[in-house]
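Here is a quick tour for anyone who likes to think in side chains.

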Amino acid sequence: MIDYDKILNPSVRAIRPSGIRKFFDIAATMEDVISLGVGEPDFRTPWQIRNAGIKSLEQSRTKYTSNSGLAALRREISAYLKRKYSLSYDPQGEILVTVGGSEAIDMALRAVLCPGDEVIIPQPSYVCYEPITVLCGGVPVILETKAEHDFKITPEELTALITPKTKVLILPYPCNPTGAILEKEDLEKIADVLRDKDILVVSDEIYSELTFGSREHVSIAQMDGMKERCIVVNGFSKTFSMTGWRLGFACGPSPILSQITKIHQFAIMCAPTTSQYAAIEALRSCDEAVASMKEEYDLRRKLIVNGFRRIGLECREPKGAFYAFPSIRSTGLSSEDFCEKLLYAEKVALVPGTAFGKGGEGFVRASYCYSLEHITEALQRVERFLKSL
């Protein structure tokens, strides 16, 4: 009998499965569950994007592309970033098309981390940064953002964590799960801390098109002296409702991008060809569709935040992404207990804040990429649950 304990990588075995999927999987076995658990747009991929994908199949465009992605797509990404954020990236050596934004993060960290290198990771934040760091032999250094600071990084907290071993800062804004954003003045303070240091910023901007009110997304790569020390990660999943198309991109200095591309070449070969043709159309013609989806998200955002506040849960205004992060400390329950009891009592699936790091204790994540009717019903059930405690 083979001893799998001796074969499996101990670092992999030590990683916890995603806390997001845990409750989603339980809910999938139950009937009449209202889920606010998964961060996936409920909108159909806009028709012109789907049609471009269909046409590429009809024209038998089903071969490998270059490792970096279709040249036409890289040109469109370059034009898009210039138009939206005044960022200039050369399509020939500074843009790589990846299998979702997650692959871009993975490849970026693999390209730069050596065993023992430290990676500063703000939490609560998306679940992949810490385990990828560990798998690369890096050391996660957790920066716990605080509700009283609107879950933003402060320059003082960042400075306190930097050591001679610091290699990377993860910048996950707009933030999943908190909905926090960093505005220009916040980014300038962070840039002031980093300009004289050999620290790479991996800026995960997958929710860049989902900021609300008069706020427009600003990238840290726009700050003076920062573009040369940034890998900007983005993609099509959230903005264009293309989660299943699995397409993202990384942009950065060519000396780093060339090494990331080399890893991508051996691990992946290229991103899906059909998805790449569809993405060209997304960037060319879907500004109006994106604006329409964003307007609907904003309505849902206001509904869910006001709803949580009305039923007695403190909830800060999420200014980006499509998540609310209400506090459940008033109930006396842990985040895990709250979500489990709610699921079985009222069949509502939320995600414990601890799925996104220890600093998420006392909070739960509720996605509002669901219909107004869906959100309203979920809030009614949560209210019943709170009254029963």
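Let's start at Leu8, which sits in the loop between α1 (4–7) and α2 (10–14). Keep in mind that this is a predicted model. With a relative accessible area of 45%, Leu8 is partly exposed, because that class runs between 20% and 50%.

Now for the charged side chains. Side chains of opposite charge can pair when their charged atoms come close. How many salt bridges does a search of the whole structure find? The count is 22. Here are some of them, with the N to O distance for each pair.

| Salt bridge | N to O distance |
|---|---|
| Arg13 – Asp5 | 3.2 Å |
| Lys152 – Asp186 | 2.9 Å |
| Glu383 – Lys387 | 3.8 Å |

Take Arg13 and Asp5, whose side chains meet in a salt bridge. Arg13 is partly exposed at 47% relative accessible area, and Asp5 is partly exposed too, at 49%.

Lys152 and Asp186 form another salt bridge. Lys152 lies in the loop between β4 (139–144) and α8 (155–161), while Asp186 belongs to helix α9 (residues 184–194), so this pair ties together parts that are 34 residues apart in sequence. Are these two buried or exposed? Lys152 is buried, with a relative accessible area of 15%, and Asp186 counts as buried at 14%. Both values fall under the 20% cut-off for that class.

The Glu383 and Lys387 pair stays within helix α14 (residues 372–388). These two residues are 4 apart there, so about one helical turn separates them. Lys387 is exposed, with 64% relative accessible area.

Salt bridges can also link up here: Asp298, Arg301, Lys302 and Glu317 are joined in a network of them.

Cys286 is placed in the loop between α11 (273–285) and α12 (287–310). Its relative accessibility is 0%, so Cys286 counts as buried. Which residue is 240 positions away from Cys286 in sequence but 7.7 Å away in space? That is Pro46, with the distance taken C-alpha to C-alpha.

Last, a look at helix packing. The axes of α3 (residues 19–28) and α13 (residues 335–346) come within 11 Å of each other and cross at roughly 15 degrees. That angle is under 35 degrees, so α3 is roughly parallel to α13. The crossing of α3 and α13 is right-handed.

Conventions. Residues are numbered from 1 along each chain as its sequence is written. This is a predicted model: local features need pLDDT of at least 70, side-chain atom pairs count only at pLDDT 80 or more; totals for chains, interfaces and linings use all residues. Side-chain values use heavy atoms; hydrogens and water are left out. Buried means under 20% relative accessible area, exposed over 50%, partly exposed in between (1.4 Å probe, protein chains only). Axes are lines fitted to C-alpha atoms, for helices over the stretch in contact, and angles run from 0 to 180 degrees between N-to-C directions. Angles under 35 degrees count as roughly parallel, over 145 as roughly antiparallel, 65 to 115 as roughly perpendicular and the rest as oblique. A crossing is left-handed if the near helix is turned anticlockwise from the far one by less than a right angle, and right-handed if clockwise. A salt bridge is a side-chain nitrogen of Lys or Arg within 4 Å of a carboxyl oxygen of Asp or Glu.
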